[in-house]
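Thanks for passing this one along.

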Amino acid sequence: MQKEMNQDLFKQIMGNYPTGVTIVTTTKEDGTPVGLTVNSFASVSLEPLMVLWSIDHRSSLLKEFKEGGKFTVHVLAEDQVELCKTFATKHDDRFSTCDWEISSNGLPIIDGVLGVFECKTFKDIEAGDHTVFIGEVTDLQINKEKDPMLYHRRNFGPIPKEFYQPKQTM
Ligand SMILES: Cc1cc2nc3c(=O)[nH]c(=O)nc-3n(C[C@H](O)[C@H](O)[C@H](O)COP(=O)(O)O)c2cc1C
């Protein structure tokens, strides 16, 4: 095993840690929806329900999330690769590319995702070149009709079907 401290190695090892993909959204002060693609999402607590994610300080949206005080995490489905890319690249109006609505909590909710966590910000913590947002979950939605998107070594795609085999035989 190679022992070294550098950013490239860190990124390589993280790239070998497969994740799902989410889009995190909130609104600007005037109600305009904003959001970005995120895979730093993780579960934090069951009692109360809490999640976290982190945002790069270079993001244009840091201010909106800090001031918004609430956010939605959307767990993406395997058929949402284009949406994932749109929310990860510069675009005049990312929300013009999808169907969405504003929830009773005043948060933008994107259609066709696997799961939704609406959250109120519990804490935002500056950590190096990112800020970590911890949210207390206020509302949940699940879509049981779809399968998740997998992200691994910069590739997006469905979970290989053979992965489900052992489960189906249980
Ligand atoms: C799979 C994937 C995961 C990402 N995860 C994060 C993340 O956790 N935090 C983050 O700040 N940016 C993340 N990004 C990058 C942002 O989505 C991207 O930089 C986006 O353009 C930021 O929004 P902005 O251009 O409005 O600042 C990720 C991108 C991809 C493709």
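1. Let me start with the second largest pocket of this predicted model, which holds about 440 Å³ of space. Its lining counts 21 residues, and those closest to the centre are Phe-41, Val-75, Leu-114, Phe-117 and Pro-148. Two strands, β8 (115-127) and β9 (130-142), each give at least two residues to this lining. By class, the lining divides into 12 nonpolar, 7 polar and 2 charged residues.

2. Now to the largest pocket, with about 1,900 Å³ of space. Here 49 residues form the lining, and Thr-37, Asn-39, Asp-56, Arg-58 and His-130 lie nearest the centre. The class counts are 18 nonpolar, 17 polar and 14 charged residues.

3. Which element gives the most to the lining of the largest pocket? That is α1, with 7 residues. Other elements that supply at least two residues each include the strands β2 (33-38), β4 (49-56) and β10 (149-152), along with the helix α3 (81-86).

4. On the overall fold, you will find 4 helices and 11 strands. Of the contacts with a separation of 6 or more, 61% join residues 24 or more positions apart.

5. Along the principal axes, the C-alpha atoms fill a box of roughly 50 × 40 × 40 Å.

6. Finally, the surface: 36% of the 170 residues count as buried. The accessible surface is about 11,100 Å², and carbon and sulfur atoms account for 53% of that area.

Definitions and conventions
Residues numbered from 1 in each chain as written. Predicted model: local features only at pLDDT ≥ 70, side-chain atom pairs only at ≥ 80, totals over all residues. Heavy atoms only, no water. 1 Å grid on protein atoms, 1.4 Å probe; cavity = no way out; pocket = protein on both sides within 12 Å on 5 of 7 lines; lining within 4 Å. Points joined across faces, edges and corners; volume = space filled by probe spheres on them. Nonpolar A, V, L, I, M, F, W, Y, C, P; charged D, E, K, R; others polar. Buried < 20%, exposed > 50% of the residue type's maximum accessible area, 1.4 Å probe, protein only. Contact = heavy atoms within 4.5 Å. Areas by Shrake-Rupley, 256 points an atom, 1.4 Å probe, with all protein chains shown as cover.
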